[in-house]
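Here are some brief notes for a colleague opening this entry. Please read them with the structure in view.

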Amino acid sequence: MHHLTAKSPSPAKEKVNLVWLKRDLRIQDHRPLAFASEECQKGIPAIALYCFESDYWNSDKASPRQRKIVWDSLHIMAQDFEEACPGGRIFMAECRSADEVIARILEQYDVQRILTHQETHNLWTFERDIRVQKIAKAHKVEILEAFQNGVNRAWTPRNWSDLWKEWVTAPLVETPKHWVGPKNEVEVMQKCGVNPVDTSTTIITNHPSDIPHATLLSFLNKRCLTGRGYRAEMSGGELAAIACSRISQHLTWGGISTKEAYHIAKTYGDHCTDRHKHPHMNSFITRLLWRDNFIQQFESHHSMELYCMNPAMEHARGSDTESLQRFVQGQTGYPFVDACMRRLNETGWITFRARAMLVSFAAYALNLDWRAFGPHLAQNFIDYEPGIHYCQLQMQSGTTLRAPTRIYNPLKQSVEHDPKGDFIRLWIPELKSISGVGIHTPENRIRNGYPTAIVNPARLWKTMRANGPQSPKKTTPQLEFFFEEGAA
Ligand SMILES: Cc1cc2nc3c(=O)[nH]c(=O)nc-3n(C[C@H](O)[C@H](O)[C@H](O)COP(=O)(O)OP(=O)(O)OC[C@H]3O[C@@H](n4cnc5c(N)ncnc54)[C@H](O)[C@@H]3O)c2cc1C
């Protein structure tokens, strides 16, 4: 955080600090909350605010599924907060955009500072942040932004990896223990259209894995050794859903910070006497680095949200409605592709490899532009993180300038990652009765209501290669991504 500057007093209004919550729905390792808590001890009360912004939630990158996660996360956070800081309350607002509500709070209170985390999301949140900055400037209120992850906004330092390591190994911020709200807090906030989170209602989460710290600990204690272990099972069928950490949702919405996840995994690994676990711990920690690296690349090359990084691919692909509908509904007639899509639609999570294969199939087999099918994936992922999403969409559909082109053969993926076909049978009931290797094969006929192959299987590989990028012109900087092991 920056150093503070004094603000001239406003006698009629009550002094407060405003903590503006975004995708940081936790009380641990939360610098804005910790800072406000210290200020409470010095006599300046604080307000913690979360805004449900309808302009964001109605956009084509968001979904009711994700809104529910935020809702549940706020309830969990509010309970933790009350427990750690008796009297600690979170307020929630329904609004078009946070700047509306923040403007009203700045009218009602003598806000000393807006304390928040630096957002590294998409164009909409970037523009929203600019509106908030303008309002704060007009009221002469300083905004202090803490790092949410090991990412620099808008530019990438040369020694990024070293800085990331320095950041991630630094001590965690202390959990707040003390909180004082302003006088008549509830009435005044209600005037601003803001209500406290009602923690008397029972939280209805979907699954125990909705609790961030418990999810990580269950992975470290037990799940990382599922089957042949995390590293071997992470690309597999249904077992991968247990063997993987499943922490992505919590990192996305901030139920746990990347730094705390790192600290917990590192400490666990350092004290773990079961040497079978060590390679899994290391792989997990490496992925936390990848995560922030992707977000960093996106911050530095944010035009990739809108345009192909390889200009030669800008108009190369289309958005054929029938292909798109069959793809997003899991009706392409390619069993493993459809099983992955149906699992995603139903649960919000699939493995890295399944995500990569889906994108590869849409781009190369169906010649669909990533901007046509990207919103469906963004809405359905419970862990939608634009930094990873856009980099991966462009990499896996061959629209970056990075060679070589990687094309996932869906038939090879099917045999390798679901050898017995159990995953396909689970997600495609139409094929339940098919035994043996025939389960993997797309066919040019309808089977028990399951559709014919959308691309003639005999021509699939030729079609996929033909839809690859043509010799790119290097007109934008080459990106350096961290890569998973080889495709095809
Ligand atoms: C097209 C496509 C879109 C993707 N979109 C997202 C997204 O919106 N949000 C998201 O969190 N991940 C995304 N990923 C990366 C990856 O698939 C998920 O992070 C992972 O499957 C989440 O499951 P997990 O938490 O069990 O991961 P684990 O394998 O246990 O990994 C631990 C954490 O490391 C990070 N991580 C893992 N793999 C990667 C990777 N290849 N790149 C960057 N970070 C990684 C994630 O934060 C993850 O939670 C995408 C991948 C592809 C191919």
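1. Start with the ligand. In this predicted model, 29 residues surround the ligand. The closest are Cys-244, Ser-245, Ser-248, Arg-287 and Gln-392.

2. Next, see which elements build that shell. Those that give two or more residues are helix 11 (248-253), helix 13 (278-300), helix 16 (352-365) and helix 18 (386-396). Helix 13 gives the most, with six residues.

3. What classes of residue does the shell around the ligand have? There are 15 nonpolar residues. Polar residues number seven, and charged residues also number seven.

4. Now the domains. The protein is divided into domain 1 (15-148), domain 2 (209-300) and domain 3 (305-466). The shell around the ligand draws at least three residues from domain 2 and at least three from domain 3.

5. How far apart are the centres of domain 2 and domain 3? Taken over C-alpha atoms, the separation is 25 Å. The contact between these two domains takes 16 residues from domain 2 and 18 residues from domain 3.

6. Look at the side of domain 2 that touches domain 3. Helix 10 (240-243), helix 11 and helix 13 each give two or more residues to this side. The largest share, five residues, comes from helix 13. By class, this side of domain 2 has seven nonpolar, seven polar and two charged residues.

Note on methods
Residues numbered from 1 in each chain as written. Predicted model: local features only at pLDDT ≥ 70, side-chain atom pairs only at ≥ 80, totals over all residues. Near = placed C-beta within 6 Å. Helix = DSSP H or I, 4+ residues; strand = E, 2+ residues; numbered from the N terminus. Nonpolar A, V, L, I, M, F, W, Y, C, P; charged D, E, K, R; others polar. Domains from an automatic or database assignment. Contact = placed C-beta atoms within 7 Å.
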